[in-house]
Amino acid sequence: MARIFVAFLRLGATSFGGGTAGWLYREMVLKRRWIDDRSFLAMLGLGQAMPGSNGIKLTVLIGQNLHGAAGAAVALIGLLMAPFAIVLAVGAAYASVGQHGLVHAMLDGVAAAVIGLTFATGLRSIAQGTPGPAAIVIAAATVLGVGVLRWPMLPVVAALAPLSIALALLKARRR
Amino acid sequence: MREGSTDSLVALAVVFAPLSLLSFGGGNAVLADIAHQAITVHGWTSEREFADLFALSRAAPGPGSMLATLIGWKAAGIPGALIATIAFYLPSALLVFGAARVWGRWRGSPWHDAVERGVAPIAAGLFLSGGLVVLRASPAGWPVWAAAIVTTAALLRWPGLHPVPLLLGGAALFGLLAAGGT
């Protein structure tokens, strides 16, 4: 248990730039060999169909796999503890120097790069999924509603999700 | 930073817990709604602060969106940070924990497949929306748009690019531009 905690604590403290799933793969599968490739991919697939941050879901599943409910809890707390403290320290630093124009400018630069990462992920997942016209229309409708018109997300998703799932079912049946 | 009144702690939990269960495809999927709630509905941050906190949450290590932690902290101090973090992560963690037991049985059924396929384009749309909303909230204007588009194109062309140099490069470039402009 202590080893699980330490492993996830270290991972949380060093996984810069998001993409926790990639870091987990490197650490848990390649380095420590606690989880084999096949189960890692199965967890990734299960996580994809569920809401929540991908790193969190994988952490819960790996922890559960290693040591049941307690393993999942310990892994999750370990993963979040260091980033929680670090992000608050960074936030406090920002509160004292954040009014400086240079800080704003540098943070704008970071944000631009992060947004690029976000866009690239979104576009690539459209291309990799089912690039049928239905999927593209659904994705475009989501962008129009939430991103451009700024409608609240809940009703938009509540309206589009059943439609999208029904379309996927129809398409599978037709084949 | 205001110290946490019970009201703002409850408001944080009410905002972040449902978003936790809606964040299909990752924390970024609900970025647009977090911005809407934090800036417009509750006034926890200004647009400028939101853009800065967003960047800070990504410059720090850790999973997905520690943005919830920072907004909670801004709204109600350390208790707010704790509440927002728990509200944003725990519901989806519990759900995936429970689902791990049930989901395996459904594998191979048409439902399993349809849900995965059906949710995917919405998740992608939410990702793009999140980026758009932060771009629009950023007061820096067209240079940020340009840099975001260049980064997107570069990442689509070379998917193996490591994010950390990109973040540092962005900070350095905009820092130099600002220093040169003043």
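Trainee: How far apart are the end C-alpha atoms of helix α4 (residues 54-97) of chain A, and what would a straight helix reach?

Mentor: In this predicted model, the ends of α4(A) are only 32 Å apart, although the helix has 44 residues. A straight helix would reach 64 Å at 1.5 Å a residue, and α4(A) falls short of that.

Trainee: Where does α4(A) bend, and by how much?

Mentor: The bend is at His67(A) and amounts to about 140°. That figure is the angle between axes fitted to the seven residues ending there and the seven starting there.

Trainee: What makes α3(B) a mostly covered helix?

Mentor: Of its 13 residues, 10 are buried. They run from Phe50(B), Ala51(B), Asp52(B), Leu53(B) and Phe54(B) to Ala55(B), Leu56(B), Ser57(B), Arg58(B) and Ala59(B).

Trainee: And which residues of α6 (residues 133-148) of chain A are buried?

Mentor: Ala135(A), Ile138(A), Ala139(A), Thr142(A), Val143(A), Gly145(A), Val146(A) and Gly147(A) are.

Trainee: Why is Leu167(B) called buried?

Mentor: The cut-off is 20 or more other C-beta atoms within 10 Å. Leu167(B), which lies in helix α7 of chain B, has 24, so it is buried. As for its place in the chain, Leu167(B) is 127 residues from Thr40(B) in sequence and 28 Å from it in space, C-alpha to C-alpha.

Trainee: Why is Arg32(A) called exposed?

Mentor: A residue is exposed with 12 or fewer such neighbours. Arg32(A) has 11 other C-beta atoms within 10 Å, so it counts as exposed. This residue is in the loop between α2 (20-31) and α3 of chain A. Not counting residues up to four places away in sequence, Arg32(A) touches Ala7(A) and Glu27(A). Val87(A) is 55 residues away from Arg32(A) in sequence and 27 Å away in space, C-alpha to C-alpha.

Trainee: Is Arg33(A) buried or exposed?

Mentor: Exposed: Arg33(A) has 8 other C-beta atoms within 10 Å, against a limit of 12. Arg33(A) also sits in the loop between α2 and α3 of chain A.

Trainee: Where does Arg150(A) lie, and why is it called partly exposed?

Mentor: Arg150(A) is in the loop between α6 and α7 (153-174) of chain A, just after α6(A). Its count is 17 C-beta neighbours inside 10 Å. Exposed would need 12 or fewer and buried 20 or more, so 17 makes Arg150(A) partly exposed.

Trainee: Which residues have the most contacts inside the largest nonpolar core?

Mentor: They are Val110(A), Ala111(A), Ala35(B) and Val134(B), in a core of 113 residues. The largest share of this core, 17 residues, comes from α4(B). Leaving aside neighbours within four places in sequence, Ala35(B) is in contact with Phe50(B), Val133(B), Val134(B) and Ala137(B).

Trainee: How many residues do the two chains bring into contact?

Mentor: 88 residues of chain B are in contact with 86 residues of chain A. On the side of chain B that touches chain A, α5(B) gives the largest share, 24 residues. By class, that side has 58 nonpolar, 24 polar and six charged residues.

Trainee: What makes up chain B as a fold?

Mentor: Chain B has seven helices and zero strands. Of its 182 residues, 57% count as buried. Its C-alpha trace spans about 60 × 50 × 25 Å along the principal axes.

Trainee: How confident is the predictor in chain A and chain B?

Mentor: Chain A has a mean pLDDT of 83, with 93% of its residues at 70 or more. Chain B averages 83, with 92% of the residues scoring at least 70. Within chain A, confidence is lowest in helix α3 (residues 37-48), at a mean of 73, and highest in α4(A), at 89. The model as a whole scores ipTM 0.76 and pTM 0.77.

How values were computed. Residues numbered from 1 in each chain as written. Chains lettered and ligands numbered in written order. Predicted model: local features only at pLDDT ≥ 70, side-chain atom pairs only at ≥ 80, totals over all residues. Contact = placed C-beta atoms within 7 Å. Helix = DSSP H or I, 4+ residues; strand = E, 2+ residues; numbered from the N terminus. Nonpolar A, V, L, I, M, F, W, Y, C, P; charged D, E, K, R; others polar. Expected span 1.5 Å × (residues − 1). pLDDT = per-residue confidence, 0-100. Core = buried A, V, L, I, M, F, W, Y, C linked by C-beta atoms within 7 Å.
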